[in-house]
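Here are my notes on the model, point by point. Please read them with the structure open.

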Amino acid sequence: MVVAALALAVATAVVLARAEADDPKKVNAWFNRLSHAKRKTTRLHFYFHDTLSGKNPTAVRVAEAAMSEKSPTLFGVVNMIDDPLTEGPEPESPLIGRAQGFYGSVGLESVALHMNVNLVFTTPEYNGSTLSILGRNPALETYREMPIVGGTGIFRLASGVATAKTYFLNLTTGDAVVEYKVIAMHY
């Protein structure tokens, strides 16, 4: 099941993000010019739609610890995601990309998620470029800050920060819409 979910996520990414990786010679030439490059800052604002319920969930449970159902924090639960990223909070708002990866519940005493997520952009300006989030998300706090640890395409060698604020949360289903503001520095 995990392999099938991973294969589906990869196939979706290939279809949505049609950018091609540069060949090694082009990458080497890019790095050789890097010492003369000026660092850029990009600010992004979008909404992350995490849907666990219904006929077309975008987040599915792929693992859980035996004790997770008894835990008030769902410690040990891991969800694989391919969540839409939109301009506004409404589901029908224009799509700007996908959040692909997984998150797991890591807090025994408080709700905290470990996020390993690639933001895959599909708009013409950033098509195929990605930003990678890897860090702790204390999901019930008003504002959460997570590190941007890398990127590809336009965001090659990115670093920065993503702040998240829950816009909507259904406590019964776990469905959520989360507002993200990202500041990424890149070359």
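1. In which strand is threonine 166 found? Threonine 166 sits in strand β8. Keep in mind throughout that this is a predicted model.

2. Is threonine 166 buried, partly exposed or exposed? Its relative accessibility is 30%. Buried means under 20% and exposed means over 50%, so a residue between these cut-offs is partly exposed. Threonine 166 therefore counts as partly exposed.

3. Now the surroundings of this residue. Setting aside neighbours within four places in sequence, threonine 166 contacts Ala139, Thr142, Arg144, Val177 and Val178. With arginine 144 there is a polar contact: the side chains of the two residues are joined at 3.1 Å. Alanine 176 lies 10 residues from threonine 166 along the chain, and 7.3 Å separates their C-alpha atoms.

4. Overall layout. The chain has two helices and nine strands. Read from the N terminus, the order is α-α-β-β-β-β-β-β-β-β-β. Of the 187 residues, 42% are buried. Among contacts with a separation of 6 or more, 50% are between residues 24 or more positions apart.

5. Helix α2 deserves a separate look. It spans residues 24-33 and is hardly covered. Of its 10 residues, one is buried. At the start of α2, aspartate 23 places a side-chain oxygen within 2.9 Å of the backbone nitrogen of lysine 25.

6. Which residues touch the most other members of the largest nonpolar core? They are Phe46, Leu119, Phe121, Leu131 and Tyr180, in a core of 29 residues. Two or more residues of this core come from each of β1, β3, β4, β5, β6 (130-137), β7 (144-152), β8 and β9.

7. Not counting residues up to four places away in sequence, leucine 119 touches Phe46, Leu85, Arg98, Ala99, Ser129, Thr130, Leu131 and Ile133. Phe46 and Leu131 in that list are also among the core residues named above.

8. Last, the largest pocket. The space in it is about 790 Å³. It is lined by 31 residues, of which Val111, Leu113, Ala139, Leu169 and Gly174 are closest to its centre. Elements giving two or more residues to the lining are β1 (40-50), β3 (78-86), β4 (95-105), β5 (113-121), β8 (159-169) and β9 (176-186). By type, the lining divides into 17 nonpolar, 10 polar and four charged residues. Ala139, listed close to the pocket centre, is also one of the contacts of threonine 166.

Technical notes: Residues numbered from 1 in each chain as written. Predicted model: local features only at pLDDT ≥ 70, side-chain atom pairs only at ≥ 80, totals over all residues. Heavy atoms only, no water. Buried < 20%, exposed > 50% of the residue type's maximum accessible area, 1.4 Å probe, protein only. Helix = DSSP H or I, 4+ residues; strand = E, 2+ residues; numbered from the N terminus. Polar contact = N/O pair within 3.5 Å; in protein donor to acceptor, adjacent residues only side chain to side chain. 1 Å grid on protein atoms, 1.4 Å probe; cavity = no way out; pocket = protein on both sides within 12 Å on 5 of 7 lines; lining within 4 Å. Points joined across faces, edges and corners; volume = space filled by probe spheres on them. Nonpolar A, V, L, I, M, F, W, Y, C, P; charged D, E, K, R; others polar. Contact = heavy atoms within 4.5 Å. Core = buried A, V, L, I, M, F, W, Y, C linked by side-chain atoms within 4.5 Å.
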